[in-house]
Amino acid sequence: MGEKLVVNGVFVLGVSLMLLGSLSLGLGAKTRHFKWDVEYIHWSPDCSSNSSEGIVMAINGQFPGPTIVARAGDTINVELTNKLFTEGVVIHWHGIRQIGTPWADGTASISQCAINPGETFVYRFILDKAGTYFYHGHYGMQRSAGLYGSLIVNVAEGEKEPFRYDGEFNLLLSDWWHQSVHEQEVGLSSKPLRWIGEPQSILINGRGQYSCSLAAQYSNSSVEQCKFSGTEQCAPQVLRVLPTKTYRIRLASTTALASLNFAIGGHKIVVVEADGNYVQPFAVPDIDIYSGESYSVLLIADQNPKENYWVSLSVRGRLPKTPQALTVLNYITNHASKVPSTPPPVAPLWNNYTHSKAFSNKIFALIGSQKPPILARRRISLLNTQNKINDYTKWAINNISLVLPSTPYLGSIKYGLTHNSLDYKQPPETFPIDYDIMVPAKNPNATHGSGVYTFRQNHVIDIVLQNSNALKANESEIHPWHLHGHDFWVLGYGEGRFDERNVKDLNLKNPPLRNTAVIYPYGWTVLRFVADNPGVWAFHCHIEPHLHMGMGVIFAIDVHKVGNVPRQALACGLTANMFFENKP
Ligand SMILES: [Cu+2]
């Protein structure tokens, strides 16, 4: 609070915006101010003995970063200072639509310039609706380096959730490698490719156990029983519950790679929210959660209160080389260290996609939710392929592997600065009719490009995400796709190549609204969204190394309608020339 003189102008502006905000958003909406410093710190998220020198990207010395808790309609004001020595930084507010504030979306080279070391950037935006969200780095692979945290948006004052609970827990899920992120990035950008492999640990709220197990007594391996005093960086956070009470468990996955299965031994859970949208409640023994997704589930503590139970996360969709992550559901009558009397839940087999698809197909919008428009104006089919460009391994969409420019698109498109290093002519809207998605491509070569699709405001767009065989025979991977600036309706999933005969099976009655949706191996997923938020938005696979290898596209929506972009967001590349030297 000491820098009043310096920030006075900003402060006055802040007050007037606040007044406007409270006028349009009703009583009770607040502006919440945060001052964050991003820096590397020594930290060992999984207490691995050979990575005691581990480092993470932290905010104000915390890993994961501070949890923001706010209400729908609130304005968030984060003054972010880059205290890294040699890298830029940005933060993306995952699931927040940034209505009218596309420059606050936190995507380097797309919505803003990376913030340079020593510089401060102010993210100021409105939380448009209640839900379970998170934030994370969106520059290079900084999310993999640990730059993430939770963003919990409660309903506005006087509003009610459509379900009841007595208490809540918040679990932010991630994965962790002992190899440094720099080493990972270099490996992925080398020829031949040096793949990062599977994560060493799954983390729950930034905590995992690598060299010991909470459930060693149930394990066949020689791994030791964990002994924690509770103060260790990797000590698990126990979920303490009172018998018969109902708890909301918020789950959000910011994994770099891992798809996860969440279960609580002996208990069923009821899914009520997905990506900040209410779903028709349904009970399941376990749920799959992909990177970029969030859920709220309800748990009734209705089992034997003399026992404790396992909370488990297991890897799905890839070879299970990462140990199951565990913590304990502790009925408060017992000691938290009491080991559950049964072994941890056994996850479905890693490649049992029937199980995963059955779960996806149970998710419907809560009755009474907004329905999608009946017709779309345009359909874009995006073929996901693994490719070669000059012997480098890449991912491409309709044969274009995404490369980001030095001038953020929000600036270069808004100001018509077309002499970008990459021209942004419309990329293909479909792929060859004879492309066989079941086998490796006959010609695996792709090109680098900008992948910018241009939409008019309020047009209804259908997207067909089409999966295919990767470079190796009999290999097709899961890709969770995440859209910035909008939610979309998930109209359906299917096998093989999408064609017109599948249209009649799409769900227009009660499809769930999401911001992330998965494509299954050799399958397709159809999404519908209304392009109602002018700006430039990333749409990409949320697997960090896949995005790094080009797996994404850009949606530009009536960019000329975007209001004044704060200059600090565009103080690089051609827009910097324009602003500061007055010559574009
Ligand atoms: Cu992917």
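Modeller: Let us begin with packing: contact means heavy atoms within 4.5 Å. By that criterion, the buried residues of α6 pack against α4 (409–414). Please keep in mind that this is a predicted model.

Biologist: Which residues of helix α6 are the buried ones?

Modeller: In α6, which spans residues 573–581, they are Leu574, Thr575, Ala576, Met578 and Phe579. Buried means under 20% relative accessible area.

Biologist: What makes Pro102 buried or exposed?

Modeller: The relative accessible area of Pro102 is 1%. The limit for a buried residue is under 20%, so Pro102 is buried. This proline lies in the loop between β5 (91–94) and β6 (120–126). Leaving aside residues up to four places away in sequence, Pro102 touches Ser111, Leu410, Pro534, Gly535, Trp537 and Val562.

Biologist: Why is Tyr392 called partly exposed?

Modeller: Tyr392 has 30% relative accessibility. Partly exposed covers what lies between the buried limit of 20% and the exposed limit of 50%, so Tyr392 counts as partly exposed. Tyr392 is placed in strand β23 (residues 392–397). Its contacts, not counting residues up to four places away in sequence, are Ser189, Ser190, Lys191 and Asn387. Although Tyr392 and Ser189 are 203 residues apart along the chain, their C-alpha atoms are separated by 7.1 Å.

Biologist: How do you know that the buried residues of α2 line one face of the helix?

Modeller: In α2 (residues 181–188), the buried residues are Val181, Gln184, Glu185, Gly187 and Leu188. Viewed down the axis of α2, they fall within an arc of 165°, so they line one face of the helix. These buried residues pack against α5 (544–548).

Biologist: What makes His479, Cys541 and His546 donors of the copper ion?

Modeller: A donor is an N, O or S atom within 2.8 Å of the metal. The copper ion is coordinated by ND1 of His479, SG of Cys541 and ND1 of His546, at 2.0 to 2.1 Å. Along the chain, the donors follow the spacing H-x61-C-x4-H. Cys541 and His546 are both buried.

Biologist: How do you know how compact the protein chain is?

Modeller: The chain has 6 helices and 34 strands. Its radius of gyration is 23 Å, close to the 25 Å that the globule rule gives for 584 residues, so the chain is as compact as a globular protein of that length. Buried residues make up 58% of the 584 residues. Of the contacts between residues at least 6 apart in sequence, 79% join residues at least 24 apart.

Biologist: Which residues touch the most other members of the largest nonpolar core?

Modeller: They are Trp93, Tyr123 and Phe539, in a core of 85 residues. Residues up to four places away in sequence aside, Phe539 touches Leu382, Ile463 and Trp481, among others. A second, separate core of 35 residues includes Leu239, Leu251, Phe262 and Val284. In soluble globular proteins, nonpolar side chains tend to be buried together.

Biologist: What makes the backbone at Gln98 and Ser109 worth noting?

Modeller: Most residues other than glycine have a negative phi, and most peptide bonds are trans. Phi of Gln98, however, is near 55°, a positive value, and Ser109 has a positive phi of about 70°. Gln98 lies in the loop between β5 and β6, and Ser109 is likewise placed in the loop between β5 and β6. With relative accessible areas of 0% for Gln98 and 15% for Ser109, each is under the 20% limit and therefore buried.

Definitions and conventions: Residues are numbered from 1 along each chain as its sequence is written. This is a predicted model: local features need pLDDT of at least 70, side-chain atom pairs count only at pLDDT 80 or more; totals for chains, interfaces and linings use all residues. Side-chain values use heavy atoms; hydrogens and water are left out. Donors are N, O and S atoms within 2.8 Å of the metal (3.2 Å for Na, K and Ca); water is not among the atoms, so sites may look incomplete. Buried means under 20% relative accessible area, exposed over 50%, partly exposed in between (1.4 Å probe, protein chains only). Helices (H or I, at least four residues) and strands (E, at least two) are DSSP runs, numbered from the N terminus. The arc is that of the directions from the helix axis to the C-beta atoms. The radius of gyration is taken over C-alpha atoms; the globule rule is 2.2 Å times the number of residues to the power 0.38. A nonpolar core is a set of buried Ala, Val, Leu, Ile, Met, Phe, Trp, Tyr and Cys residues joined through side-chain atoms within 4.5 Å.
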